[in-house]
Amino acid sequence: MTKFGIAQPVRRVEDPRLLKGNGAYTDDITLPGTAHGVVLRSPHAAAKLLSIETAAAKAVPGVLAVYTGADLKADGIGDLPCAVTLKNRDGSDQFSPPRPTLAVDAVHHVGTPVAFIVAETTQAARDAAEAVMVEYDILPSITDLATAMDPGAPQVWAGAPRNVCFDWEVGQKDKVEELFAKAAHVTRLTVVNNRIVVSSIEARAAQAEYDSATGRWTLRTNTQGGWGIKEMMGNNIFNVPPDRFRVITPDVGGGFGMKLFLYAEQVLACYAARKLGRPVKWTSERSEAFLSDSAGRDNITLGEIALDKDGKLLALRTRNVANMGGYLSNFAPYIPTMAGTGVLASVYGFQAVYANVIGVFTNTVPVDAYRGAGRPESNYLVERLIDAAAREIGMDRVELRRRNMVTPDAMPYTSPMGKKYDSGDFRIVLDAALKKVDWAGFEARRAAAAKRGRRRGIGLAYYLEATGGAPTERAEIRFAEDGFVDVYVGTQSTGQGHETAYVQLTVDQLGVPGEKVRVKQGDTDSIPVGGGTGGARSLYSEGQAILVTAGTVIEKGRKAASETLEAAPADIVFEAGRFSIAGTDRGVDIIALAAAQRARAAKGEDVTTLDAAEIANIDAHTFPNGCHIAEVEIDPETGTLELVRYSVTDDVGKAVNPMIVRGQVHGGVAQGFGQAVLERTAYDPESGQLLSGSFMDYTMPRADDLPSIDVDFIEVPCRSNPLGVKGAGEAGAVGSPPAVVNAIVDALSPLGITHVDMPATPERLWQAVATARAA
Amino acid sequence: MTDIRYLAPRTLDEAVGAFAASQGAARILAGGTDLLVQMRNGAVRPGTIIDIKKITELTSIEEAADGGFRIGAAVSGAALAEHPRFGRVWPGVLEAVNLIGSTQVQGRASPGGNLCNASPAGDSVPALVAAGAVVTVQGPKGRRQVAVEAVPAGPGRTNLGPGEIVVSFTLPPRPEGSGDAYLRMTPRTEMDIAVVGVGVSLTLRDGVVAAARVGLGAVAPTVLLVADAARALIGSRLDEAAVHAAAAACRAACNPIDDKRGTIAYRTRVAGVLLQRAVAIAAERAGRV
Ligand SMILES: Cc1cc2nc3c(=O)[nH]c(=O)nc-3n(C[C@H](O)[C@H](O)[C@H](O)COP(=O)(O)OP(=O)(O)OC[C@H]3O[C@@H](n4cnc5c(N)ncnc54)[C@H](O)[C@@H]3O)c2cc1C
């Protein structure tokens, strides 16, 4: 097994670069002559925009331009698009409001971009921003999802009565009704999936330059894939062929879905660069990120499950109210609907499932995909419901799950939501997980904690995630002049370790030394198409593309070797990076062969070179799944919670690099724990101001909040791709919120507490205990 | 940005002189962990900064012959922690000072800055109030001494006169059988603003409380000395009734705000809980068996 082999915990090849500060992020790059942009944002949640006076701002020394929505309209700049239009239950289309890059006549959340100021320095632009006089007619605002549909609630958009963007449904409604009618027991639970501020370490940034000779832009920006940005820039914004944009994505410090989308500031940098004939750069401040990065989650969901008398799960019915924010972000309506509902049946043999999803506008930052994008929300609901049902019918929560799990002999299994699970052995994973944490011995730990005045609880969640994303992916393998093998990919790392995993796959296929492989990403000029990274798709999508492309390289190599070695192609064998004539010691190394062929081709000889590019069809999703088990201790007097133990048993199919998967799971668990216990996005109900607008007020998880997390794998190879892998990037964040909340409820259930909403802050836990004791 | 003048006088007289002469346009700089943050976000824009860390009296720790301590106002949390004796005599004060910020912040942050920043949630203040610390202040009109609890006037405001600088804290000699403790409640374990902070100092004689002081933070516009809580403890053997009465006094003293960090009900309730726990720790340190 080589150092870079598959299944090896290869150290991340990108880390020396990133950890030593040698990475190059968007903001690290400043082109000569760069001008700096600052966005002036609405301080109001809902207001008419009456007038904007820019003369004083333009007079500030160093200011180059002040642009408003009117300027952009006059220049024919299109609105920021939403790529999704859902059908309502009544067959009509969803309401899609306009989202101008800069507000034209109204603002719909605090932070809506109102003007773009460009100056010689950021400081001058900031000073000028203070000099822009905007006259607003302040309107009543609504930021609370729970009351946004109430009669009399302020209207975010005149065209959306009761603030409803869409009212969508999916599933077997009639059959579900039938099964509920004959159920022995029905469990109902309403859960809140709290709004998350994504908070990537690297803030968003954009730097654009425009070449008037060619009419082309080069946009450097931190994305999860520049190709979508390029398409939208051309097709939706500037009304030019998308190829007029070259989007370069430098190193990216975290995305979590939030950096998939086209944002106003990217458009503004491009617009200003063309207007001014200079590179224009914008970098978000942390406080701006709170007001302008798409947010995550934010649902209130009623779930109901019907069970028969033996504890068999019959049917699931949900009504989910999902916050869209003040405008529709690129994929916003897709997240709680198509993305989220797909996994509602999870690993259980429900006979029928029905989901109604209502998208609702509020005067808040637009919501879109965040690590898991809809699937964490669905898994949270289902795993909370099952715990609640077990308690209600007096059945052990593990037994209720085990009894209803789809068995391996049913694979491939088509769920009531139409998802085809290729593989999975849920009971094996469950049993391994329980054994690992000594589930059976928990009561002794609960009793020991009680002696210390602490309430200890254990919670389990079995999650199923459906990965997603673009249906094709491209790879190109080029043998470079300097002896390296360059692999051009259409995905985009934001820190996950792609550079390492792709090297491992390439080494596995081509037998070249890992040190000789370079992964190239993030330039839409050198890589014509790419699906970007999102939906945990990268390894299995790009992996398949690398496989197919490597196959072509080997075929071409065989032909080339037959030319060089003067043997029939059929007699050439390829092994460990070497083409040789079968049964002889005559052969040639693949890198040497590629170099020789390239040299001959350069002299005009008609020979086969080894470079190749292929596009792979990604026919199927993957369904990573696993069991998370959390143990918490709560101080009932203060509500303080400690996560004392956390254990994950995952089926991510084949783990190409177990160390990287563990890292991904650790990060996901931390994020899920943050959502479950710490992260509260608070708006002031009167003014619509974001109260939790900085890290002083918005509680991100930190290392000292978490115990050491153990992650083990039970590999059930994926059958829908030749690598056998399942996407692991999001899974940690899918399993952890329900595991943690189930543990909290378990700790407090002796007091009669049956549910606690996220985030389970000390105050909320203390309140739950106080209320239960008073009752 | 306008230019800022930076002065680092070596004597207190120079510092007071410059501070008074600035007529309110200057700011004292101790560790800067509040001041520099406030300057960066534009909350304060001083014309002159007067760094007091070059003045020996403000950066030294002295143990008097009678066992009392004098701590310079600009002594950092880290320096206080390294003092061989201070933490043994005043473990509660030390843990309160050391709760401020992270390791990095500890290298700079001072109790004087914590007090003069006048946040109702300043961590060292309730412990210093409980300790009965007296503050030495020097200004254009000379030196004066005031109780710690008399310095804060409201959030971000002090009762210091124009040109006055806090020089040091004097902690009284510690009788046999004394102990102190500070506990705070934050929404998270570290690096956060307290929603309640409680400092307790006790002296026990034959199991009976001979002296007690209680300081309460983050539940009113200023840190409070809760005399009623101390009264409930004094003369008791720290039996349940006495401790409950003290907790009730703490709750009664609370006049907190309702905000995203904590509701009034929660802060009030937790104030009582922390009082009970801080009393238990202080009593143990005082040698209760
Ligand atoms: C990351 C971080 C975490 C923090 N965590 C905590 C925490 O957990 N608990 C807590 O209580 N605080 C915390 N703080 C706030 C701060 O660190 C403390 O208030 C600290 O004690 C301030 O001391 P300093 O010496 O840095 O004060 P400075 O910033 O130098 O001064 C603070 C104020 O007091 C004035 N001042 C300072 N010294 C004197 C003096 N001798 N006479 C008159 N005026 C004076 C200054 O002019 C200024 O207005 C934190 C700050 C940061 C940045």
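## A sheet in chain A

Strand β18(A) and strand β26 of chain A, residues 625-634, pair in the antiparallel sense over 10 bridges, where two strands count as paired if DSSP finds at least two bridges between them, and helices (H or I, at least four residues) and strands (E, at least two) are DSSP runs numbered from the N terminus. This is a predicted model, in which local features need pLDDT of at least 70 and side-chain atom pairs count only at pLDDT 80 or more, while totals for chains, interfaces and linings use all residues. Residues are numbered from 1 along each chain as its sequence is written, and chains are lettered from A and ligands numbered from 1 in the order in which they are written.

The open sheet has 4 strands in the order β18-β26-β27-β28 of chain A, with mixed pairing; β18 (455-464) and β28 (709-713) of chain A are its edge strands, each pairing on one side only.

## Chain B as a whole

Chain B contains 12 helices and 14 strands, and its C-alpha atoms fill a box of roughly 60 × 50 × 35 Å along the principal axes. Of its 289 residues, 49% are buried, meaning that 20 or more other C-beta atoms, placed from the backbone, lie within 10 Å of the residue's own.

## Around the ligand

The ligand is surrounded by 31 residues, the closest being B:Ala30, B:Gly31, B:Gly101, B:Gly113 and B:Asn114; a residue counts as near if its C-beta atom, placed from the backbone, lies within 6 Å. Helix α8(B) gives the most to this shell, with 5 residues.

Conventions: Buried ≥ 20, exposed ≤ 12 C-beta atoms within 10 Å, placed from the backbone.
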